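Open the model in your viewer and follow the stops below.

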Amino acid sequence: MNLPSFTATVKEQICRIPLDKRCDTLAEVYGFLMFATAFHSTEIRHMTEQNAIARRIQQLFRQAFGIRIMPRNDTNINAKKLVFQIEDTDEIRRIFNTFGLEPERSSSMRLNRAVLEEDCCRCAFLRGAFLASGSVADPSKRYHLELVTPHLNLSREFMSLLQEMELEPKVTTRKANYVIYFKFSERIENFLTLIGASNCALQIMAAKVEKEVRNQINRQVNCEAANISKTVSAAGAQIDAIRSLENVLPELSEELQIVARARLEYPDYSLTALAETFDPPMRRATLNYRLQRLISIANEKQNPERSSS
């Protein structure tokens, strides 16, 4: 069974928000209509595959306008899509009049701010807009939330509304559409919280913490791996040098002989760990100096001409 997308999860959550206040109901259906598939003087239409949204649309139109709107399956494009459509001229005019809009000027798609005077109404408007055309990426993969509209004026006025609500959106174009989007996790969290999807906002916070912890662990592992690689490489060079001096090792100073034997006995120890094997423990700098001295003597033995010059 396929798990629902994060977008579907968000929309499922906000569809459960009660429509108790008349102003919020009107603001939400207003946002939905402005970002619906079609909102014109001759037709109101929207398509969805999500049953929760289908039920929400019916509830919104019933409570806001007293209109009973029934979906039909779109067998021409996708049988899973439910299509809501209103073509009755009187009903469309009544809906437009509710928001102080003129059906004859529907192509301009300008926001009527009088519907959005209260903070709760603004949040409800965002909720309706997101239900109609919003999407949000799975936070475990990336941070991205967007709303899409083909209307330039609507995109500009919607951007202005979001900025007034301190959400700081960005806008771009994609084909013939205007895409209002957020890339930063904190702004997506704020947007979801405002529209009532606080549980989903918490999921983004949790995903961010998980990513940060995972990245920190990866950095530590990479650092330790690099240190281990460096330790192994250095120890290998020291052991090779000591073995090449096997015949002359008894002629070297006792300090160098002791260090050589310790390195051969503990070939995989770091300098710090190797220094702790002595009684009393040797200073790391002293140990490193003596091992480097052994390497220098080995190099001189292998290249006597270079050492004499």
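A residue counts as buried when its relative accessible area is under 20%. By that cut-off, 42% of the 309 residues of the protein are buried. Keep in mind that this is a predicted model.

**Stop 1: the whole chain.** The C-alpha trace spans about 110 × 40 × 40 Å along its principal axes. The radius of gyration is 35 Å, whereas a compact globule of 309 residues would have one near 19 Å.

**Stop 2: the cartoon.** You will find 12 helices and 8 strands.

**Stop 3: the surface.** Show the accessible surface. It comes to about 17600 Å². Carbon and sulfur atoms hold 47% of that area.

**Stop 4: the largest pocket.** What volume does the largest pocket have? It is about 460 Å³. Select Lys11, His46, Met47, Ala132 and Ser133: of the 25 lining residues, these are the closest to the pocket's centre.

Stop 5: Which elements each supply at least two residues of the lining? Colour these one by one:

- helix α1 (6-14)
- strand β2 (44-48)
- helix α5 (119-133)
- strand β5 (134-136)
- strand β6 (145-149)

How values were computed:
Residues are numbered from 1 along each chain as its sequence is written. This is a predicted model: local features need pLDDT of at least 70, side-chain atom pairs count only at pLDDT 80 or more; totals for chains, interfaces and linings use all residues. Side-chain values use heavy atoms; hydrogens and water are left out. On a 1 Å grid over the protein atoms alone, a cavity is a set of points where a 1.4 Å probe fits but cannot get out, and a pocket is an open set with protein on both sides within 12 Å along at least five of seven lines; lining residues have an atom within 4 Å of a point. Grid points are joined across faces, edges and corners, and a volume is the space filled by probe spheres set on the points. Helices (H or I, at least four residues) and strands (E, at least two) are DSSP runs, numbered from the N terminus. The radius of gyration is taken over C-alpha atoms; the globule rule is 2.2 Å times the number of residues to the power 0.38. Buried means under 20% relative accessible area, exposed over 50%, partly exposed in between (1.4 Å probe, protein chains only). Accessible areas come from the Shrake-Rupley method with a 1.4 Å probe; for residues, only the protein chains shown count as cover.
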